[in-house]
Amino acid sequence: MEPWKNAAMKKKRRPVRLHCSFKNYDWGILGHHSKVARLFALNSGSDIDPAKPYAEFWIGTHESGPSFAESGSEEDPVSLKSWIARDPSVLGQKVLDKWGPDLPFLCKVLSVQKALSIQAHPDKEMARVLHKLHPGVYRDDNHKPEVALALTEFEALCGFISLKELKEMLRTIPEIAELVGVADAEKILLVGERHENGKVNTDLEAMFSRLMLSSKETISKMISKLKRRLNQEKKKRQLTVKEQLVLRLESQYPADVGAIAAFFLNYVKLKRGEALYCGPNEPHAYISGECVECMATSDNVVRAGLTSKQIDVQTLLSMLKYRQGAPEIMQGVSLNAYTTRFIPPFEEFEVDSCNLPHSASVVFPSFIGPSLFLVTAGKGRFDAGLAGDDVVTEDDDIVEEGEVLFVPAHTKICITARSTELHLYRVGANSTFFRDL
């Protein structure tokens, strides 16, 4: 390639710093205690309000929380979506052909002080239907599979409990057995080990639906009875983890059916560095902790409890997967001494987690699609170069905690830690999507 063309291409492929959005939902962590608050303050140069909850830090092109490309002009900021539209080739041809001139993935950081809603995200077919019927509520016609990577110890509910656990719940939580009815409870209790899975799922669906569709008065009485019993029993025995959790949720959302719904769902506690995958139509709720969350580009959420936002119980019940059993805790695949990759079973995204000790370097080879890089701790040098270069020699640049960069397709990155430790995340289209090239 002629030198002037190579120089022009390098300039075109240079990473772009982003200024990102945040949300202050009431379930967020207050002020300086919140990772979201710290990242947003460092990213934007703003001050942290100690009395404000900081819940979500958004990175991507979605209109609900757009990122803006650093252009040197604060007067006329350019959204990342508009910046990409000016030259869609930065996405790479395969991503452009598949998803058009937009990122197929969205990244967030969450700081969770109190539980998020019992919710699920519709699959593509349901998303199209909901968007057509209620575009003001369901703004996207896309699905929203997601992965949460724990930055701290992270608690969540995800998917329905196993048959064994369901039987134990019906035996030990009389308030639920009474609500769903003795006859339906007996159906489950009498199921043998060699059961018909479809039949059990139908019975589970009937029980869960009866709970979620119960009147507020019925739920309020049920919860009062449950609390009286548990408060008496804890004087004689240690309450189970799930019983303690339900009481904690009810203290955050008094008389809310979502607190009782937690008995039906798997309780998960992630360690830092572990991840949880939630597919379409999978019931879940984040309870506490901080995480990096990545997903297909969509903001469709169908809620049914533990929230002050709009709920749509009938839609949620109609779309849920009543699959039972513990969810998979993702440990990721080691790429090198410093980097772990998390690969969900969807084309839109994958996530790399990288922890570099002082002076250590790592190279991210050229990707056929674009990437987003987020620095969550530390400081380092961030060099970029064309895929064909023998050495990554693009102008040396320093990145620090709170910085976010968009990296065009066909660009390789070399990062060297200049602090005690440098933590960062990369999000890109799933590598399995490019395997046929």
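Where does Ala262 lie? Ala262 sits in the loop between helix H12 (257-261) and strand E12 (265-270). The notes below take this residue and others in turn.

1. Basis. The model is predicted: local features need pLDDT of at least 70, side-chain atom pairs count only at pLDDT 80 or more, and totals for chains, interfaces and linings use all residues. Numbering runs from 1 along each chain as its sequence is written, and side-chain values use heavy atoms, with hydrogens and water left out.

2. Ala262 counts as buried, at 0% relative accessibility. Here buried means under 20% relative accessible area, exposed means over 50%, and partly exposed lies in between (1.4 Å probe, protein chains only). Helices (H or I, at least four residues) and strands (E, at least two) are DSSP runs, numbered from the N terminus. Ala262 and Lys234 are 28 residues apart in sequence and 19 Å apart in space, C-alpha to C-alpha. Gly273 is found in the loop between E12 and strand E13 (275-278). Gly273 is partly exposed, at 40% relative accessibility. From Gly273 to Gln331 is 58 residues in sequence and 7.5 Å in space, C-alpha to C-alpha.

3. Helix H6. This helix covers residues 163-172. Its buried residues are Leu163, Leu166, Lys167, Met169 and Leu170. Seen down the axis of H6, they fall within an arc of 160 degrees, so they line one face of the helix. The arc is taken from the directions from the helix axis to the C-beta atoms. Lys164 and Arg171, on the other side of H6, are exposed.

4. Salt bridges, overall. A salt bridge is a side-chain nitrogen of Lys or Arg within 4 Å of a carboxyl oxygen of Asp or Glu. By this rule the count is 25 salt bridges.

5. Asp397 and Arg17. These two form a salt bridge, with the closest N and O atoms 3.1 Å apart. The pair links distant parts of the chain, 380 residues apart. Asp397 is in the loop between strand E22 (379-386) and strand E23 (398-400), and Arg17 is in strand E1 (residues 16-19). Asp397 is partly exposed, with a relative accessible area of 23%. Arg17 counts as buried, at 18%.

6. Glu175 and Arg229. Their side chains meet in a salt bridge of 2.7 Å, N to O. This pair also links distant parts of the chain: Glu175 is in helix H7 (residues 174-180) and Arg229 in helix H10 (residues 216-233), 54 residues apart. Glu175 is buried, with a relative accessible area of 6%. Arg229 is buried too, with 16%. What are Glu175 and Arg229 linked in, along with Glu233, Arg237 and Glu243? The five residues are linked in a network of salt bridges.

7. Lys221 and Glu217. Here the salt bridge is 3.3 Å, N to O. Both residues lie in helix H10, 4 residues apart, about one turn of the helix. Are Lys221 and Glu217 buried or exposed? Both are exposed.

8. Cysteines. How many disulfides does the structure hold? The number is 0, a disulfide being a pair of cysteine sulfur atoms within 2.5 Å. For Cys354, the nearest cysteine sulfur is that of Cys414, 10 Å away. Cys354 counts as buried, at 0% relative accessibility. Cys414 is in no disulfide either. Cys414 is buried, with a relative accessible area of 13%.

9. The largest pocket. Its volume is about 630 Å³. On a 1 Å grid over the protein atoms alone, a pocket is an open set of points where a 1.4 Å probe fits, with protein on both sides within 12 Å along at least five of seven lines; lining residues have an atom within 4 Å of a point. Grid points are joined across faces, edges and corners, and the volume is the space filled by probe spheres set on the points.

10. Pocket lining. The lining has 38 residues, and the closest to the pocket centre are Tyr25, Asp299, Val301, Arg303 and Lys309. Strands E5 (56-59), E8 (105-112), E14 (284-296) and E15 (302-305) each supply at least two lining residues. The largest share, 4 residues, comes from E14. By class, the lining has 15 nonpolar, 10 polar and 13 charged residues. Ala, Val, Leu, Ile, Met, Phe, Trp, Tyr, Cys and Pro count as nonpolar, Asp, Glu, Lys and Arg as charged, and the others, Gly among them, as polar.
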